[in-house]
Amino acid sequence: MNKVGLLFAILSLLLTNSLDALCQDTLSDRNGFVKNAEFFSKGIASKYNERYDEAIDYFEKALEAFPEDHASMYELSSLYNENSLQEKGFEMIKKAVELDSTNKWYKIRLADFYRRNNDYHSFIDIYDNLLKDEPNNLEYLEAYIDALLHIGDLEKVTEKLDVFEDNVGVNEYLSLQKMEIYNLLGKPDKVIEEMEKLSDAYPYETRYLSMLAEIYVNNKREDDAYEIYLEIKELNPEDPYINISLLEYYQKKGELDKAYEEFILSIKNKNLDYNTKAQIYEYWFSIKDDDETTISQAEEAGKAFIEMHPDKELGYYVMGTVFFNNEIYDKAQTYYLEAIQRDSSSFISWYQLVFTDMELNNSDMLYEHSNKALRFYPEQPIFYLFNGISLMEMERYNEAIDVFKKGRFMSADKKLTSSFDTYTADAYHQLGDKKNMYLYYDKVLKNDPNDTYVLNNYAYFLAVDGERLDEALKMSAMTIEEDPKNVTYIDTYAWVLYKLGRYKEAKKWMEKLFSYDKNPQGVNYEHYGDILYKLGDVKKAVQNWKKAKKLGDTSEFIDQKIKDEKIYE
């Protein structure tokens, strides 16, 4: 036997003897390892076949065979947790980490348990350790940042977002997150810096330029924002919001002509949605007076709306209002009808339409349109008022009263309620029902004791009837106090004085009326004639009765007064 063969034989003998000795000493341990491996293998198989109770049983047996089996502990931690045994699962994963602190999966699962228990500080401690080994692991960074946000460590969040950005590059998601945090930290300069960085990274993205401009505006850097606006307009003249931005800039600078130009361009911008345009229109005219310039601008805006959105109602409504303000009511009516044809649910178009019918004194149209409006708005009291007025003009007084009462029932506005009561009283007057007329006048005055229209009518009718004259005088005096040169109120006051037999005072008030009104009505001359007659000046009385007859609007006794030169009442 050569030397090499002899050496090999000696080593083989020594190794065999050593293994035999070792096996004798660790036979029981070896049996435990074998059982552990067997149970662990069966546990994995059961788990993947979704037999979870069976899997738990195998992993627990694997642990009995080898109590330091951290792999089985890892598996059990998940299975316990999913079976509502969170505490046992927590203990399992903690032991697994203690036994093998180098296994990152064990640490990730332990951190997850901490997160579920809202123990973000312990979660962060684990991820601090994980990030030491893999500082650029994006999944770790994302989980770490989330935990930092939960404990409010915003400064550290921005640091980790920077690391994240170094790995993936500048992007909107990260930039916006950092900007939001810098806003919370009260660092406007850092917000601007981030937005500038994002904009520089994507120089042709006008949306980012718009965001940067808005930030400049919020930080009172309007001129910097203006430069950005011009850049956007050059890159994309049809950017949907550039005209709005420039409109606001020029308006703040007091350059209203330029602002108006951008206002019209925004309406004509095909990329800007209709609803936004409608809001811009409302914004622009909400601060305008109804002067010639405003009406002219509204007309151009209305035409632009019709050109760009012929199927929408706003342009036609605007044009209707332009003609309404210019008192060209027939054209206003035409445009309002066009608006309603495109949107029959437009309350404001229906309202303006019936109001225009009123101005046109067209009771038939008013009746038709107010009825149609009520189909869409049966609970809107204003349309009952218009409908009742149309019936009044058509002398259908009983129907008008019914409509007014319906509308009054729905009214929650004191002023509108008073209007219903006033018209109802007037309708009862036309029917000769004085009791109900006075009843509704009382309702009006209870609601508004200073309603001069009702006070005047109430006083006048009391005077005509010769009833409650002292009360009538007080009512009439209130109207004079409110409007001293109103000739209608003066005539009523003089007439109440006449009925009280205070003829000289009545004459003075009628002479005051003639000094205010260069075109008196027939009823004024007739009243003046009656007063003069009572004062014994028959000749002048007859002269005034004759003037009254020529003008019309007199009592039924005017001819008899002139013929007999005598008063009749």
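Asn243 sits in helix α14, which covers residues 242–253; helices here are DSSP runs (H or I, at least four residues) numbered from the N terminus. The model is a predicted one, where local features need pLDDT of at least 70 and side-chain atom pairs count only at pLDDT 80 or more, while totals for chains, interfaces and linings use all residues. Residues are numbered from 1 along each chain as its sequence is written, and side-chain values use heavy atoms, with hydrogens and water left out.

Asn243 is tucked away, with a relative accessible area of 3% (buried means under 20%, with a 1.4 Å probe and protein chains only). Setting aside neighbours within four places in sequence, its contacts (heavy atoms within 4.5 Å) are Lys233, Glu262, Leu265, Ser266 and Asn269.

Helix α7 runs over residues 120–133 and spans 20 Å from its first C-alpha to its last, close to the 20 Å expected (1.5 Å times one less than the number of residues). Its buried residues include Tyr120, Phe123, Tyr127 and Leu131, and the buried residues of α7 pack against α6 (104–116) and α8 (138–151).

Then there is α26, residues 452–465, with 14 residues and a reach of 20 Å. This helix is mostly covered, as 10 of its 14 residues are buried, among them Val454, Leu455, Tyr458 and Phe461. The cover includes α24 (414–430), α25 (434–447), α27 (469–482) and α28 (487–499). Just past the helix, Gly466 adopts a positive phi of about 70°.

Technical notes. Helix = DSSP H or I, 4+ residues; strand = E, 2+ residues; numbered from the N terminus. Buried < 20%, exposed > 50% of the residue type's maximum accessible area, 1.4 Å probe, protein only.
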